[in-house]
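Visitor: Hi! Could you walk me through this structure?
Guide: Happy to, let's look together.

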Amino acid sequence: MIYLDHHAATPVSPEVRAAMDAARDRAWANASSAHRFGREARALLEDARAAVAEAIGAEPASVVFTSTGTEACHVGLAGFRGLRRVVMSPLEHPAVAENCAALGLPVHRFEMTGGRPPPAEALGLREGDLLAVTWVNHETGTILPVEDYCRAAREAGASSFVDGIQALGKVPVNVRALGADAVAFAAQKVGGPTGAAALFVRRGAPHDSPLLGGPQERGRRPGTPDVERFVGFGAAAKAIPGRLAAMPRVAALRDRLEAGLLALGAEVNGREGPRAATVTDVSFRGRRGPVLVAALDLAGVACSHGSACSSGLDEPSKVLLGLYPDDPERARSALRLSLGPETTGDDVDRALAAIAKVIGAAKP
Amino acid sequence: MTRPIGKVLVAMSGGVDSSVAAALLREQGHDVVGVTLHLWDAEGENKVGRCCAPEDREDARRTCDHLGIPHYVLDERAAFRREVVEPFLDEYRRGRTPTPCVHCNRTVKLEMLARLADELGCSHVATGHYAKIVHGPEGTRLFRGRDLDKDQSYFLFGLSPETRSRLLFPLGDLLKSETRAEGERLGVPNAKKPDSQELCFVPDGDVAAFTRRERGGEAGGLVVDEEGRVLGKHDEIAAFTIGKRKGLALGGGSAPRYVLRIVPDSNTVVVGGAEKLVSKTLEARDGHFLHALPPEGLEASVRIRYRHEPAPAHVRPTATGFVAEFVEPQRAITPGQAAVIYVGDEVIGGGFIA
């Protein structure tokens, strides 16, 4: 079985597994307890926080652990004070789009037809806006110029939220340089476990957590933390420089995969703009994404149609409708193949052979 | 041509029948793939529907986990609405009583699964239908299931020969009670799940309410007798089927009256005595035949609704279907319902009552 769904979840890396195993005997305790057991668990948690903070260029006190990326988006987006309008890209994941919609404010989606991001000044940001954008898109890998956008937000007196979940480990991340008010990350995209995520909140940002409860995570994310999983996140964070160093090799493999797919008649989605190295999202016109995913699973290739979260529903990908509003067929017939540092040239060649066979199979 | 059995795609509804069908194929050593078609979203909070509710897809997934086979859910809601639900609503508004399961099997379920089987590299499609299929050198023959009470051969006459040729019905020789026993023996997680009702997208059986919800209310009309005398009023023709007695609200103490005809142009329901409800002749259109009818006709039995014991009739072909002359008069021959021709237990063909 060839795994080409790294944008859904990355395999837990050996060093992460080892760190979690080593911590297990101490990580069970409640990290808020005053006794020795609690202190030991708390120490593991704070070590992990320091590692994550280091990886994203933040102070540890600005890092809030949450259990999922969606939770980080929710806490991040629902916590801003004094908003009048939301400005977001047309490519947002439901974790961002739905939490923005729930704010009950007017939502302005800027256009990105053809996959080229608009320049920052074209966003029309003004005071009281919340800019909500994803750094690296989960489906197409499209990279938005978030640094420019956040600067424009600051200059306009707007707040800014960046979904950095797919960015971490794929592009260099430094939240200080980024200048956003809040940024979400998740361990499962960088070799860490599922169930561990983080929200960076800039010190002094006009932000209060919407979650109510105890004082854990400085009150921003009340509830007993799953220390063992955050230890895993910390270990994964330490390995991020290695992941970034592998990106040129991953890019070469992606390009090889993409060339093979183009030869099979695929159209590459989002190729017109800047993209992360780890993904190719392609459409096979006339075919249906979910059926291709099932056929490829049976043929030994794990991939997805749109985001894994929407699997099973045959609604055309909203990301692709955002890029190609007049072409729902393109959105319906898409396959997302995403690579990681573990992917080999042999994986790519065998995947291409399997895809060629499935694409050649009787058409519906 | 009989095709060798390779990988088998099993249509998993989440119910006990399809689960046992998959378990039996697995036990026989076949390479099995489970597919659940998501056809409809059950309405409202109280999802009484036993079909296509999220928990049914979950049950199907759990059964496949138990059997150690892959499982995929594919969204066919758009096709189901287009091919089954909308024509169903149209038929009711025309004063007819459709048989949506025939259309569903023909245009959505089995035909679609057959095409899907190609894409998934499967040679055959299996379902939990109670019917028998026999693949032979001269083609595929379809028979009533051994459990005559559960027999679903009535719904399957419309399939294309190509689709028929790749079907497997592992429950064809089982009684429902035996299916449940097999489920228990094989440890199928949902062996005790209650049976589904006949119309999956109208789980409460209230077609009139469903029509109202989907298409909005329609104008009421008059209930008249055969001479055109007005006997009362009705709220909507979708609430009526031929032979219905309940809900006429005619009052008076006369002899029982039944719906004889529905006239959509004037929104009129025509009623009369039980003796007016019977007829010896039926014309069916849009015919599909597994065996061609000889020009001079055939002595056969014809089933005029799902819960009807096939009745002896002489059947002769027409340009688009057939005409059946029954030996005994039949009650409530209802336009829109499927009429299916049997010789013994074998399905010869069928069509839709004109």
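Visitor: Which residues touch the most other members of the largest nonpolar core?
Guide: Those are B:L9 and B:V10, in a core of 212 residues. Keep in mind that this is a predicted model.

Visitor: What is B:V10 in contact with, leaving aside its neighbours within four places in sequence?
Guide: The list is B:S18, B:A21, B:A22, B:L25, B:V32, B:V33, B:G34 and B:A126.

Visitor: While we're on chain B, how is it divided into domains?
Guide: Domain 1 covers 8-185, domain 2 covers 218-272 and domain 3 covers 277-353.

Visitor: How many residues are in contact between domain 1 and domain 3 of chain B?
Guide: 14 residues of domain 1 of chain B meet 15 residues of domain 3 of chain B. On the domain 1 side, strand β6 (residues 139-144) of chain B gives the most, with four residues. By class, that side of domain 1 has six nonpolar, four polar and four charged residues.

Visitor: And what separates the centres of those two domains?
Guide: Taken over C-alpha atoms, the centres of domain 1 and domain 3 of chain B are 25 Å apart.

Visitor: I can see a sheet in chain B. In what order do its five strands come?
Guide: The order is β3-β2-β1-β4-β7 of chain B, in an open sheet with parallel pairing. At the edges are β3 (71-75) and β7 (167-168) of chain B, each of which pairs on one side only.

Visitor: How many bridges are there between β4 and β7 of chain B?
Guide: Two bridges, in the parallel sense, link strand β4 (residues 124-126) of chain B with β7(B). To find the spot on your screen, look for B:V125, which stands opposite B:L167 in β7(B).

Visitor: Switching to chain A: how many helices and strands does it have?
Guide: There are 12 helices and 12 strands in chain A. The radius of gyration of chain A is 20 Å, close to the 21 Å that the globule rule gives for 364 residues, so chain A is as compact as a globular protein of that length.

Visitor: What does the C-alpha trace of chain A span along its principal axes?
Guide: About 65 × 50 × 35 Å. Of the 364 residues in chain A, 54% count as buried. Looking at contacts in chain A with a separation of 6 or more, 70% are between residues 24 or more positions apart.

Visitor: Which domains does chain A have?
Guide: Domain 1 is made of 2-9 + 240-360, and domain 2 is 14-238. Their C-alpha centres lie 26 Å apart.

Visitor: How many residues are in contact between them?
Guide: 26 residues of domain 1 of chain A are in contact with 29 residues of domain 2 of chain A. On the domain 1 side, the elements giving two or more residues are α8 (240-263), β10 (279-283) and α10 (318-323) of chain A. Among these, α8(A) gives the most, with four residues. That side of domain 1 has 12 nonpolar, nine polar and five charged residues.

Visitor: Is strand β5 of chain A mostly covered or mostly open?
Guide: Mostly covered: six of the six residues in β5 (residues 129-134) of chain A are buried.

Visitor: Which of them point which way?
Guide: A:D129, A:L131 and A:V133 point one way from β5(A), while A:L130, A:A132 and A:T134 point the other way. In a regular strand, side chains alternate between the two faces of the sheet.

Visitor: Which strands does β5(A) pair with?
Guide: One partner is strand β3 (residues 85-88) of chain A, which pairs with β5(A) in the parallel sense over four bridges. There, A:R85 stands opposite A:D129. Another is strand β6 (residues 159-163) of chain A, which runs parallel to β5(A) and is joined by five bridges. In β6(A), A:S160 is the bridge partner of A:L131.

Visitor: One more topic, backbone angles. What is the phi of A:E217?
Guide: A:E217 has a positive phi of about 50 degrees, although this residue is not a glycine. A:E217 lies in the loop between β8 (197-201) and α7 (227-238) of chain A.

Visitor: Why does A:E217 count as buried?
Guide: Because A:E217 has 22 C-beta neighbours inside 10 Å, and the cut-off for buried is 20 or more.

Visitor: And what about the phi of B:A332?
Guide: B:A332 has a positive phi of about 55 degrees and is not a glycine. You'll find B:A332 in the loop between β15 (322-331) and β16 (338-343) of chain B. B:A332 is buried, with 20 other C-beta atoms within 10 Å.

How values were computed:
Residues numbered from 1 in each chain as written. Chains lettered and ligands numbered in written order. Predicted model: local features only at pLDDT ≥ 70, side-chain atom pairs only at ≥ 80, totals over all residues. Domains from an automatic or database assignment. Contact = placed C-beta atoms within 7 Å. Nonpolar A, V, L, I, M, F, W, Y, C, P; charged D, E, K, R; others polar. Core = buried A, V, L, I, M, F, W, Y, C linked by C-beta atoms within 7 Å. Buried ≥ 20, exposed ≤ 12 C-beta atoms within 10 Å, placed from the backbone. Rg over C-alpha atoms; globule rule 2.2 N^0.38 Å. Pairing = 2+ DSSP bridges.
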